[in-house]
Structure formats: C-alpha cells, structure tokens
Amino acid sequence: MATLQLNNIVKDFGGTQVIKGVDLEVKDREFVVFVGPSGCGKSTLMRMIAGLESTTSGEIAIDGQRVNEVGPADRGLAMVFQSYALYPHMTVEDNMGFSLRLAKVPRAERREKVLAAARILQLEPLLDRKPRALSGGQRQRVAIGRAIVRNPSIFLFDEPLSNLDAALRVQMRIELARLHEELDATMIYVTHDQIEAMTMADKIVVLQDGVVEQIGSPMELYHHPRNRFVAGFIGSPKMNFLEVEVRGADAEGVDVALPGGDCRVPVAGDGVSAGDTLTLGIRPEHLVLDEAGPLTGRIQVIERLGGVTSLYLEHGDSEWILVADGNVAHRVHDEVRFTFDPACAHLFTADGLALAHLTRHPLADIDRKENRASSASDGR
Amino acid sequence: MNPTMTKKLLLTLLAWGIALIVFFPIFWMVLTGFKTEGEAVATPPSLFFEPTLAGYHEVMARADYLKFALNSIVISFGSTLLALIVAIPSAYSMAFLPTKRTRGTLLWMLSTKMLPPVGVLMPVYLLFRDMGLLDSQLGLTIVYMLMNLPIVVWMLYTFFKDIPKDILEAGRMDGAGTLQEVLYLLLPLTLPGIASTGLLSVILSWNEAFWSLNLTTSDAAPLTAFIASFSSPEGLFWAKLSAASTLAIAPILIFGWLTQKQMVRGLTFGAVK
Ligand SMILES: Nc1ncnc2c1ncn2[C@@H]1O[C@H](COP(=O)(O)OP(=O)(O)OP(=O)(O)O)[C@@H](O)[C@H]1O
Ligand SMILES: [Mg+2]
C-alpha cells in the first residue's frame with residue numbers, strides 16, 4: 001500500500017517560485033508520469049517528494065501521513081537518477097547492497113536480497129564489476145536494482161532512460177513496464193519522451209512553469225486536452241493551430257469559418273457568439289488528403305518515414321503539418337487539398353481554454369491494464 | 001622541421017634548463033658534503049676530488065641526528081594528520097553547505113598565508129611560553145598545523161567540489177547520515193586528492209625553518225634546526241654544513257620520490273579525469 005498526496009506544495013528558491021502550488025493524488029500502484037518543457041520544475045517536484053529538497057509550504061503525505069519533516073531515507077522511497085549516480089568505488093553488489101549495509105542487515109541476508117534483485121534485472125554475471133566497467137544500459141539496470149533492493153513503496157525515476165540510445169530505450173521501457181507489474185509498486189516517472197509518457201503512464205501530469213496544466217490518462221490528454229498548452233505539448237508532431245472566426249454557436253456545436261467553407265465542430269458553444277475569434281486545433285494525423293477538402297496548402301517539405309509520411313504545408317501565413325500514409329506520391333511544391341473530421345477538432349478560446357467536446361472519446365478512460373498482458377498470463 | 005615540432009623542442013629544452021637550474025644547488029650541496037673543508041671553499045671550485053666522509057663523521061659526532069630526524073617525522077606527520085582532521089569537516093561544509101560567505105572565508109584563509117610569520121612571532125612566542133609549549137613537539141605540531149591549514153582546506157574543498165552531487169544524494173536516499181556519507185562515500189572517492197594534500201603538507205612542514213628555529217631549542221628541534229646548528233658564529237664550515245643539509249633533506253627527498261606518482265595524480269585529480 002502506498003499512496004501519495006501533494007497538497008498545494010510550493011518551492012521557493014531564494015525569492016523565485018519554481019513550484020507554484022501543486023496538488024496531486026497518486027493512488028496505490030499507479031504509474032504517474034511528469035512531463036513538461038525543460039525548466040518547468042519536474043525534477044524539483046520529484047526531489048521534494050524524495051525529501052532531497054525542502055518544501056517551502058504545503059504538505060506532502062505518504063499513506064496519509066505527513067512526511068514534510070521526514071528524511072529522504074525514511075520516507076520509504078527509492079530514486080533512480082538520470083546520471084545513475086552509482087558509487088564508482090564499489091562493486092555492483094556493494095552498490096546494490098549499500099542501503100542494507102547502512103541498515104546493518106547481516107551479510108548473508110544482504111547477499112540474498114541483492115541476488116534476488118539481480119535476478120530480476122539479469123545482473124548476476126556483473127555483481128563483481130565496478131560501475132566503470134559497465135555499459136550505459138547495465139549501469140541503468142544497476143541503478144534500478146539498487147532501488148529495488150530497498151523494497152520501497154514508491155519508486156521515483158528522473159529521466160532514467162535519457163542517456164541511453166534509442167534501441168536500448170525501447171528495451172528498457174518495456175522492461176520497466178514489466179517491472180512495474182512484477183513489483184506492484186507505485187511509480188513516479190519524469191520524462192521528456194512522448195512515447196515513454198504515453199505508453200507507460202496510468203496518469204500523466206503536465207507541468208508548465210511550476211503549475212499543473214492537466215492531470216489525466218494518456219488518452220484523455222490526447223483526446224480532451226484542457227487547454228491549448230496541453231494540446232500542443234501532447235502528441236507528435238505538434239497539433240496544428242489556426243485562428244478562425246465564429247459564424248454561430250449554441251450548446252450543440254460551434255460553426256467556424258474555414259478558407260473553403262464553414263464547418264461545425266461538436267463542442268459546447270455556451271458563451272461563444274458569432275464574430276468571436278477562436279483557435280482551431282487539429283492533430284496532423286487527423287488531417288486527411290482529399291481532392292474536395294475545404295483546406296489547401298503547398299508542400300514545403302516531405303518527410304518519408306516509410307510507414308507514414310509527414311507533409312509540411314504552407315497556405316498564406318498559416319502552416320500545417322499533415323501525417324499521411326507512406327504511399328503518398330506528392331512532390332514538394334505540389335498544391336494539395338485536405339479535410340478533417342470535425343469531431344476530431346478542438347476549439348480554444350482566446351485565453352487558451354478548450355471548449356468541451358459534446359461526447360467523450362470512447363478510449364479516454366481506458367485502463368492501462370487493458371493495454372498489457374498481466375504478468376500472470378504472459379507466461380513469464 | 002614543422003612549427004609544432006620546433007615548438008616542442010624549444011619547450012623541452014626550456015623544461016630541461018629550468019630543471020637543471022633548480023636541481024644544480026642540491027647537486028652541488030651533496031657534492032660539497034663529500035669534500036674536505038679546504039676543497040669546499042677552493043676557487044675555482046673543484047669538480048673532481050677524492051670523496052671523503054669526514055664531514056659526515058664530524059656532523060654525526062657533534063649532534064644526535066636521529067633525535068632531530070625523529071622530531072621532524074613526529075611533527076610533520078602529526079601536524080598533517082591534525083590538519084586533515086580539522087580540514088575535512090570544514091571543507092565538507094564549505095563544499096556542500098555553502099553560504100554567501102563561503103567564498104570570502106576561503107579567500108580570507110588563503111590571505112593569512114600572505115602575512116609575514118614574523119609579524120605574529122611575538123604573540124605566539126608569549127602564548128607558548130605561558131602555556132609551556134616552547135620547545136615541545138606538541139607546540140610545533142600545532143603551529144605547523146595552523147600554518148598549513150589554509151592550503152589543506154582549500155585543496156580538499158576543490159576535491160570535494162568535484163564529487164557529483166547526485167552520488168551523495170543517492171547515499172542520502174540509501175540512508176547515509178553525514179558521518180557515513182563522509183566515511184563510505186566522500187573519503188574513498190577523494191582519497192587520491194586527500195593523499196596528495198597530506199603529502200604536500202608533510203613536505204611543507206618538513207622544510208619549515210622559521211618557527212622551528214624560534215620556538216625550539218633542543219628537545220623538540222627538527223632537522224631544520226639541526227642544519228642551522230652548523231652555521232656557527234666561528235664561521236661557516238661548508239663541507240660540514242652541506243653534509244648536515246644532505247642528511248636533513250635525504251628522508252623527505254626519498255619520501256617525495258616514492259610518492260611522486262601519487263602527488264602528480266592527486267594534484268591533477270579532477271582537472272584531467
Ligand atoms: N537549487 C536551485 N536554486 C535555484 N533555482 C533552481 C535550483 N534548482 C532548480 N532551479 C530552477 O528551478 C527551475 C526548475 O528546475 P527543474 O530542474 O525542476 O526543471 P526540470 O523540469 O527538471 O527541467 P529539465 O527537463 O531540464 O530537467 C529551473 O528554472 C531552475 O533554474
Ligand atoms: Mg530535470
């Protein structure tokens with residue numbers, strides 16, 4: 001059992017507020033991912049949870065107990081650092097067993113626990129090596145092993161995979177997901193990587209400038225971003241935005257003017273009236289090439305990835321990114337027409353807030369468990 | 001020959017030149033120690049002569065070399081140990097818990113090295129007299145410790161600064177208190193640096209003459225006082241003086257030679273890595 005609550009926590013570094021009142025509720029065994037632009041306070045927030053950074057105001061509670069005044073070692077947490085932070089002068093075994101040694105656990109028991117963790121991470125052949133004799137991926141595994149040995153109720157990961165190459169990242173990502181199933185622990189994870197966030201999280205916390213912009217499941221953030229920032233941040237390539245004029249609006253939808261004709265977007269239009277300017281947002285993968293489409297653009301760049309092709313289009317002073325299938329035959333400078341399903345479009349008011357969709361996306365509340373075979377049934 | 005080669009050659013020649021200039025007086029001193037007093041003052045100086053141990057015999061007969069040497073060893077190693085014990089906690093707090101005044105404190109500590117020691121001789125002498133520390137190993141140990149403390153703290157501070165913060169934080173997450181952090185992580189990680197700092201402190205203490213001449217007479221006198229005792233008012237006896245000096249620097253020379261690898265490694269520690 002391990003839950004975590006953050007109640008209006010604030011971090012002030014000598015006069016500048018870096019975390020500006022964050023509320024968060026993490027349930028037992030949940031996998032929570034913090035994302036946000038560089039410098040938004042992800043690491044600071046995680047370090048406050050770990051107890052490495054003091055909390056200026058607000059309350060951090062683990063299992064309902066206030067831990068603001070509890071030292072980092074006594075919060076029942078383990079942290080995996082981006083730099084791995086292995087002890088360079090100790091062998092892998094001593095690295096992993098250091099916490100137990102400090103806790104005066106007898107040698108035999110210590111070895112047993114280290115071996116158990118090493119087995120999970122396939123580290124047994126490396127136990128006698130020093131960190132400098134390990135590859136990046138192996139070091140990462142030792143760092144995770146060191147966390148596992150402590151048997152924490154909550155794991156904290158600060159960009160653990162960012163120093164690994166792409167292939168190893170994919171492998172470690174899957175391994176971490178498996179580990180989460182196997183250990184049944186609560187995990188909090190900071191990343192820059194969209195794919196890591198979308199595939200691993202039960203819940204994503206989007207931060208900007210020390211403020212939580214939205215908390216929700218990956219599909220919820222993708223289909224129902226609360227504001228323009230979240231819409232632009234989640235998804236890759238980035239969502240397209242276009243200023244549009246409102247023709248008419250009611251509770252059943254909003255009519256907006258597009259270059260090639262009007263279009264009705266099924267969002268709640270309360271408070272919007274004809275003549276207002278809104279921002280239309282459509283993801284590149286929701287734009288469809290169509291000879292009769294209402295939108296046009298001239299191709300500036302084509303990126304062929306094989307399976308999919310990204311088209312960078314220009315029309316007047318607006319720019320569009322369109323993701324089409326891999327067989328598009330167009331050439332650069334071709335003029336293309338395209339359209340989209342209005343149900344996939346988003347509308348944002350001038351202050352950046354999204355108008356609510358009339359229907360909730362069917363996958364918005366999907367559970368992570370439905371995406372993964374559980375450890376019991378995948379034959380491991 | 002291309003320009004980089006020429007540059008290399010010039011630099012090598014320069015380095016050899018400087019090394020020779022630095023080494024020559026020592027070489028000449030060792031040579032003089034094996035001469036008779038007559039040869040020692042001969043002009044032009046004789047490079048080829050019959051070596052004699054007469055100077056050494058006389059030096060050993062006139063003074064108890066071993067007693068002086070033992071004092072040197074006790075005082076220089078003792079003061080180094082004491083300096084490290086005091087400096088490690090202070091360097092720790094300055095490196096890991098800095099305040100606005102840390103930088104200033106460090107500079108101030110270093111600036112005390114610019115003070116001429118004779119400026120504080122009087123108060124130190126009077127204090128030592130009243131506390132009964134004159135001509136005692138303990139007294140000289142304390143003075144040497146204070147003398148080297150700024151350099152020792154400064155060096156340890158730079159070595160500690162180089163330790164990645166993450167490693168110590170990982171230690172804190174693993175449950176290490178400050179003492180355990182220092183014993184299990186910081187000291188093992190900075191051992192090369194600490195060792196070279198210690199070596200430097202030993203060498204500086206060994207060679208110190210001002211305080212040893214002023215604060216000791218016989219009981220606690222180290223080898224620098226041993227040398228000085230041969231520059232007698234009846235006139236200089238160069239051969240004997242050279243023999244005594246050679247005896248005085250021999251141990252530290254051997255010590256330095258044995259540990260030079262460590263010295264260089266420690267002093268460039270962090271810079272290269
Ligand atoms: N010790 C400190 N003193 C003052 N400011 C700090 C300190 N640590 C972090 N900051 C500031 O707090 C802000 C948030 O830093 P933080 O490291 O949490 O960002 P981040 O979201 O983890 O960024 P990144 O994605 O680049 O790792 C930054 O503007 C940073 O400059
Ligand atoms: Mg960070």
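**Loops, ligand and interfaces**

Tutor: Happy to, and keep in mind that this is a predicted model.

Student: What is the phi of Arg29(A)?

Tutor: Arg29(A) has a positive phi of about 65°, although it is not a glycine. Most residues other than glycine have a negative phi.

Student: Okay, now the ligand. Which residues are around ligand 1?

Tutor: The residues around ligand 1 include Phe13(A), Val18(A), Glu159(A) and His192(A), along with Ser38(A), Gly39(A), Cys40(A), Gly41(A), Lys42(A), Ser43(A) and Thr44(A). By class, that shell has three nonpolar, six polar and two charged residues.

Student: Which helix gives the most to that shell?

Tutor: Helix 1 (residues 42-50) of chain A does, with three residues.

Student: And where are the polar side-chain atoms relative to the oxygen atoms of ligand 1?

Tutor: An N or O atom in the side chain of Ser38(A) is 2.5 Å from an oxygen atom of ligand 1. For Thr44(A), the distance from a side-chain N or O atom to a ligand 1 oxygen is 2.5 Å. His192(A) has a polar side-chain atom 3.3 Å from an oxygen atom of ligand 1. As for cover, ligand 1 has 640 Å² of accessible area on its own, and the protein covers 56% of that.

Student: Switching topic: how is chain A divided?

Tutor: Into domain 1 (4-229) and domain 2 (238-348). Their C-alpha centres lie 39 Å apart. Six residues of domain 1 of chain A are in contact with seven of domain 2 of chain A, and the two domains bury about 590 Å² between them. On the domain 1 side, Tyr222(A), Pro225(A) and Arg228(A) lose the most area, together 86% of what that side buries.

Student: Which bond joins Ser236(A) and Pro237(A)?

Tutor: A cis peptide bond, with omega about -5°. Pro237(A) is in the loop between helix 8 (228-233) and strand 11 (240-250) of chain A. Chain B has a cis peptide bond too, joining Thr43(B) and Pro44(B), with omega about -10°.

Student: Last one: what area is buried between chain B and chain A?

Tutor: About 1,700 Å², of which carbon and sulfur atoms give 64%. In that interface, 16 residues of chain B are in contact with 23 residues of chain A. Met173(B), Asp174(B) and Tyr184(B) supply 42% of the area that chain B buries there, more than any other three residues.

Definitions and conventions: Residues are numbered from 1 along each chain as its sequence is written. Chains are lettered from A and ligands numbered from 1 in the order in which they are written. This is a predicted model: local features need pLDDT of at least 70, side-chain atom pairs count only at pLDDT 80 or more; totals for chains, interfaces and linings use all residues. Side-chain values use heavy atoms; hydrogens and water are left out. A residue is near a molecule or strand if one of its heavy atoms lies within 4 Å of it. A polar contact is a pair of N or O atoms within 3.5 Å; within protein, one must be able to donate a hydrogen and the other to accept it, and residues adjacent in sequence count only if both atoms are side-chain atoms. Accessible areas come from the Shrake-Rupley method with a 1.4 Å probe; for residues, only the protein chains shown count as cover. Helices (H or I, at least four residues) and strands (E, at least two) are DSSP runs, numbered from the N terminus. Ala, Val, Leu, Ile, Met, Phe, Trp, Tyr, Cys and Pro count as nonpolar, Asp, Glu, Lys and Arg as charged, and the others, Gly among them, as polar. Domain bounds come from an automatic or database domain assignment. Contact means heavy atoms within 4.5 Å. Buried area is the accessible area (1.4 Å probe) that two parts lose on being put together, summed over both.
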